[in-house]
Amino acid sequence: MKKKEFIWKRRHLLGLRGLSREEIEHILNTAKGFEEISTRSVKKAPTLRGKVIVNLFFEDSTRTRNSFTLAANRLSADVIEFTEKVSSTSKGETLLDTAKNLEAMGIDIVVIRHSAGGVPKFLSRNIDASVVNAGDGFCEHPTQGLLDVYTIRKIRGSLEGLKIAIVGDIAHSRVARSDIYAMTKLGAEVILVGPPTLMPAKVERLPVKISYSLDDVIGQLDVINMLRIQFERMGSNPFPSTKEYSHYFGLTVERMKKVKKDILVMHPGPINRGLEMESEVADGPNSVILQQVTNGLAVRMAVLFLVNQGAMLRQEIKDKRERLEGQ
Amino acid sequence: MSKTLLIKNGHVIDPANKINQKAHVYAVDGKIAEVGKIEPKADLVIDAAGRFVLPGLIDIHVHFREPGDEEEETIASGSAAAVAGGFTSVVCMPNTDPAIDDATSVEYIHRMGRQARKTHVYVMGAITKDRAGEQLSEMGFMVQAGAVGFTDDGSGVQNPAVMLRALKYASMFKNIVISQHCQDNWLAGNGVMNSGYNSTVLGLPGIDPLAEEMMLWRDIQLVRKTNMRYHVQHVSTARCAELIRQAKKEGLPITCEVAPHHLLLTDDSCCDYDTNYKVNPPLRTDADIKAIKQAIKDGIIDTLASDHAPHLKSEKELEFLTAPFGIASLECALGLYIKVLIEPKIIDWPQLVSIMAERPAKIISVDKGTLGKGKQADITIIDPDGEYRVDVNKFRSKSKNCPYDGWKLKGKVEYTIVGGEIRYSAQES
């Protein structure tokens, strides 16, 4: 039997929770094709020429934003940067007003980051352009999840059967959530590690194992992803001191003595050196942190390319229908 | 000359007087004169054949937003919504801007209610000045002005010493109830929905059920000490229902209410980030709904109250994190209760009427909720099988933040009669 050809249909990328394994693999395969562009002397392809992308960032970000901008530039799209630090209120211009205003300028793709979970979904329901989630509250950060699995797959060939620990502030981490969905869909076993005060409600209902002891699990791991402790997202202190946190959950040189030789050490950045991870480990031979950044570019090019393809497919179907109705 | 009203051929359900049969209702000068077989001539005759004739329904928990947020609702628009929903009496909550925390404000609400000439408008005053949870408000003056109880609704009184003082102080007044929005702010944090699997995958801060349960548990201890009449607003968790069951068994003077959304919706509804499902206390789980329904069946829940909380579209069109809490449901509340309690046979009609008229009247100590001789002629006439589709655009309420828009419900309100006067009629609207 001939395998049915996979067709990408989505015009938004809101999260990885609703994506199938096939869809995730398709993004990763597409990204692989785009990696080559960055090695050319003229690092540009005409794929999105004439398309307008807006980076709509309501929260600080340097690497994700730059990565998206560069990805858009490499595909020849025009990019508008839009930064708004204040959150919307009923009195001022609402988020929806902002989006509709941008849409009135004729944009094709909105790349959005916001401190409130669900904003990309809310936007996708209310505007016509494609929406790409660049991180929403502690809901999802799909391109980070994708670049993480891309990085692992690139080095290990597959995630099937790998043991991966995500360590730290799971409760307030959108990266953890996107990683969990992507990694488990691709066949990895995920262990969440951190103090109970940094675990979200009903975490046991996610397809993961939970451990409160890094030392108990560290010897079995193929990959360890150290989350950034996000002080700005935490209300009252969920642990007594950074010193005690590092003692139990920091990736120290001492702890690295217990790991498998070929373990991959990851971090979504920016690192709090000496808190989640000692500098020697961050810069050590097992660290793939900078490769994550490099791969992020190819992954984001793939995502922009694919949502545009999804939007064009939708337009094609719409046109066809109108033609048929006109007959 | 006396003014007379005859409602004939209807099926009268008046549980306080153990009536559940076909009967005529005769009122003279706004008071019930007789319920029975007599059929005298009257100035106004309503043929209620095939209809249920009920003592006027009472909703002891509404937000009419006046003074301060008149763009969301006014006492006039809210009152019109109330009679369209079959309610002849409502109790306004004091979390307005400024808060209803003195006699002048209480009198203002009453005056606006009288001017609206729709439903009876009662009011609860704030327990503490500005609802700040610190200094007791002038309860005595507000009692004299006609306040039926006190609450800091919108938030609970956080400081147990203040709450104890409030219960103690209020116990010197007759016919007053202290009503609490149970929520420990430390535990609730900045939560915007129920804390659970859904909040985890939606990436939204959760409100642990404990936030509600802890304050209720605390208050029960304070009630035991003071023996002051205490009312629990919008019970939303299974454990709260259980705590109330135990407290009642112990004989403590505790009553409670349940809102329609805590019977019909769970936190699964939040999965699309639709802010019409953002409400406080938050939508919980199927297990909570099951326990609350059982508590209703067992008579533990004293009344149903809409917690009608209108908000503008522009406010609700914000991010789930920032949009205000609240659901506007006064106009379709009866239909919702029929759907969730009568249709699945959890309770029968006399029981429903009892918890929507007789028992809430007792909580707020008003001589209403029955069709007994000499009582004010507050009457709701409904077509129990009459179907309608909820349409927010037809709401008399100024706000449309109603997740039931488009739902098909039964129990169409035909007439709402207040003091013998028709204040709402389905034909004329």
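Trainee: How many bridges join strand β6 of chain B to β7(B)?

Mentor: Two strands pair if DSSP finds at least two bridges between them. Here β6(B) (residues 57–62) and β7(B) run parallel and are joined by four bridges. Within this pairing, Val62(B) has Cys92(B) of β7(B) as its bridge partner. The model is predicted, so local features need pLDDT of at least 70 and side-chain atom pairs count only at pLDDT 80 or more, while totals for chains, interfaces and linings use all residues. Residues are numbered from 1 along each chain as its sequence is written, and chains are lettered from A and ligands numbered from 1 in the order in which they are written.

Trainee: Which strand pairs with β7(B) over four bridges in the parallel sense, besides that one?

Mentor: Strands are DSSP runs of E with at least two residues, and helices are runs of H or I with at least four, numbered from the N terminus. Strand β8(B), residues 120–125, pairs with β7(B) in this way. His120(B) in β8(B) stands opposite Ser89(B).

Trainee: What handedness does the unit of β6(B), helix α1 and β7(B) have?

Mentor: A crossover is right-handed if, with the strands pointing away from the viewer, the path from the first strand over the helix to the second runs clockwise. The β-α-β unit that includes α1(B), residues 75–84, is right-handed.

Trainee: Is β7(B) mostly covered or uncovered?

Mentor: A residue is buried if 20 or more other C-beta atoms, placed from the backbone, lie within 10 Å of its own, exposed if 12 or fewer, and partly exposed in between. In β7(B), residues 87–92, six of six residues are buried, and the strand is mostly covered.
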